[in-house]
Amino acid sequence: MSQIYDMRLKIEEKIKADGLNAMDIKGKLGLKTGKMLALITPTTPDDPDLISKLRDAAKELLNLSL
Amino acid sequence: MKSTSIKTKVLVALSICLLLGVAGTMALIRYSFEHNARTLAMQSVNDSRKLFDILTAREVSKMTAVGVVLEESAELQKKFLERDRGKLLDFCQPTYERLKAQGITNWVMHTPEPDVSVFLRVHNPSKYGDHLDRFLIKEVVRSHSVATGSELAKAGFAVRVIQPMKDVKGQVIGYLEFGEELGQFIHTMKDQTGDNYGLLLNKKYVDRKLWTESSAAWNRRDNWDDHPGYVVADKTAAERIIDFDGDFAGISESGNVLERYRVGDAMYVRGVFPIRDAAGNPVGAMFVVRDISDFYWSMRRTQTVLIALTALALALSTLLVLAILQKLVFRRLDCIITVATRVVGGDYETAIRTSSDDEIGQFEKLFEQFRRVFVDVMSNVPELQGKR
């Protein structure tokens, strides 16, 4: 399992735990990173640039440190 | 890139328009107010001038009528020709008292040519025998007809009527002169208008000795030395009605508005117009002070209401424009952004509703078409198979 997929799972857990609108938040994360969260799979390679963008977006939108 | 929403930019632009609108309205109202105040002040000067002219004409008419009646009095002519000053005074005194009650303060009888001297001053019997070097005297002697006008003499600055006294054969046997102190005019004018007046004379045209004598004759203080270039003949108020630098040449023929000033809650305008004597010399000036408090405060109230209404109207217009923009543009753009975001988040069901056929409506329609294409593409992505 790739690091970036692990990040996706943590994000989804956080959204669920906080009771947020998943479509809204995932949409915003996708727009900020340029990658739809649904397209991140266990086989998605760990692109450092994408990881960095996702980390920043998760911190900004969910206050989640990855 | 600097990020400022269109809503903020529109709000700033409208606020600037609002401020400019209010400032412009205030400037316009201010100009209108100043213009009206100036017009009112000038009207006060003109009104006073007209009233002065009317009163002068009325008094000239009155004194001319008195002169005509007395000139034809055989008894007066007889007493005058007898040259008995005492008997003539006894005869005239009762009539003079009645005339004085009507405002005629001066009554002089002059001998005919070639001497033309004062035979009797009914209002000041102890002074007689002098030769007067005055314009009106010269004029009546020259024309042998009535001469009228304002002139300074021993008894003060007065509007005068001088007419020849003729016997039954039409021969001039002397001259009758009647006069009314101009100082009395300003009190009459005050009674009629409520305005305050001050009459001052240019020392250039006033004889120092005559002024002292006239002051003594009318039991008033000799105020010759109060001011360097002019002397105050009379005034109806002790306030700053006469505040003058002595520049008579600076007073225009139609009059000048000097200032607007405030005392407590009362607002006044002060103006001046020139006074000419019978020879046409600019011998003095009449100052007028009018209380314009009612007009002034009424205008100020109107000004305040107008500014408030303008500001309110502009503020409401701003709110209305913002509300329209919010409903027609911003809210619909927000809706499109929300749907677009959710599509990216995986919501492929929520469609964009086209609410109108306007520019935003066309964009909504276009974006909905784009969304459907996007959803169709996404349905064929292997990673998403079976997740919808």
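## Where the chains meet

In this predicted model, 11 residues of chain B are in contact with 13 residues of chain A. On the chain B side of that contact, the residues split into four nonpolar, three polar and four charged.

The model scores ipTM 0.87 and pTM 0.67. Chain B has a mean pLDDT of 87, with 97% of its residues at 70 or more.

## Helix α4 of chain B

Now for helix α4 (residues 135-143) of chain B, whose buried residues are B:Leu136, B:Ile137 and B:Val140. These three sit on the same side of α4(B), because they cover an arc of only 105 degrees around the axis. There's a simple pattern behind this sort of thing: an α-helix has 3.6 residues a turn, so residues three or four places apart point the same way.

Turn to the face of α4(B) directed away from the buried side and you'll find the exposed residues B:Arg142 and B:Ser143. Just after α4(B) comes B:His144, with a positive phi of about 55 degrees.

## The loop around B:Asn223

B:Asn223 is in the loop between α6 and β7 (230-235) of chain B. It counts as exposed because 12 other C-beta atoms lie within 10 Å, and the cut-off for exposed is 12 or fewer.

Leaving out residues up to four places away in sequence, B:Asn223 touches B:Val231 and B:Val232. As for B:Trp211, it is 12 residues from B:Asn223 in sequence, with a C-alpha to C-alpha separation of 9.0 Å.

Terms used. Residues numbered from 1 in each chain as written. Chains lettered and ligands numbered in written order. Predicted model: local features only at pLDDT ≥ 70, side-chain atom pairs only at ≥ 80, totals over all residues. pLDDT = per-residue confidence, 0-100. Buried ≥ 20, exposed ≤ 12 C-beta atoms within 10 Å, placed from the backbone. Helix = DSSP H or I, 4+ residues; strand = E, 2+ residues; numbered from the N terminus. Arc of directions from axis to C-beta. Contact = placed C-beta atoms within 7 Å. Nonpolar A, V, L, I, M, F, W, Y, C, P; charged D, E, K, R; others polar.
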